[in-house]
Amino acid sequence: MSTLEALAAKLAEDTMKAQKELGDERLFVEVGNILAASSQSLEEAYLTEVRVRMSEEKARAFLINKVKAARAAKAATDTP
């Protein structure tokens with residue numbers, strides 16, 4: 001992993017934690033704007049890392065809810 005990728009990944013991870021703690025879903029945009037002023041390369045890598053993490057969280061939540069719903073439906077049909 002390059003220095004650029006490592007820095008972007010760590011900053012994205014820290015930003016995601018801060019977003020949850022602060023309840024600010026758009027904090028990553030503000031951080032991205034700070035990066036854009038000094039390093040377009042780091043900004044792009046960071047935003048990619050954030051988008052990947054946010055997408056994974058949404059997909060994982062969808063999957064968990066889908067499985068829960070299927071289990072609940074099965075339990076409802078299995079109960080006499």
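How are H1 and H2 oriented to each other? They are oblique to each other, a word used here for angles that are not under 35 degrees (roughly parallel), over 145 (roughly antiparallel) or 65 to 115 (roughly perpendicular). The model is predicted, so local features need pLDDT of at least 70 and side-chain atom pairs count only at pLDDT 80 or more, while totals for chains, interfaces and linings use all residues. Residues are numbered from 1 along each chain as its sequence is written, and side-chain values use heavy atoms, with hydrogens and water left out. Helices are DSSP runs (H or I, at least four residues), numbered from the N terminus.

**H1 and H2**

- Helix H1 covers residues 3-22 and helix H2 residues 27-36; they pack at an angle of about 140°, and their axes are 9 Å apart.
- Axes are lines fitted to C-alpha atoms over the stretch in contact, and angles run from 0 to 180 degrees between N-to-C directions.
- H1 passes H2 in a right-handed crossing, meaning that the near helix is turned clockwise from the far one by less than a right angle.
- Contact (heavy atoms within 4.5 Å) involves Leu 11, Thr 15, Ala 18, Gln 19 and Leu 22 of H1, and Leu 27, Phe 28, Val 31 and Leu 35 of H2.
- Seven of these contact residues are nonpolar, two are polar and none is charged.
- Nonpolar covers Ala, Val, Leu, Ile, Met, Phe, Trp, Tyr, Cys and Pro; charged covers Asp, Glu, Lys and Arg; the others, Gly among them, are polar.

**H1 and H3**

- Helix H3 spans residues 40-78 and packs with H1 at an angle of about 50°, the axes being 8 Å apart.
- H1 and H3 are therefore oblique to each other, and H1 passes H3 in a right-handed crossing.
- Residues of H1 in this contact include Leu 4, Leu 7 and Lys 20, which meet residues of H3 including Ser 41, Tyr 46 and Glu 57.
- The contact of H1 with H3 has twelve nonpolar, two polar and six charged residues.

**H2 and H3**

- H2 and H3 pack at an angle of about 165°, with 8 Å between their axes.
- These two helices are therefore roughly antiparallel to each other.
- H2 passes H3 in a right-handed crossing.
- Among the residues that meet are Phe 28 and Gly 32 in H2, and Gln 40 and Glu 43 in H3.
- By class, the contact of H2 with H3 has nine nonpolar, two polar and one charged residues.
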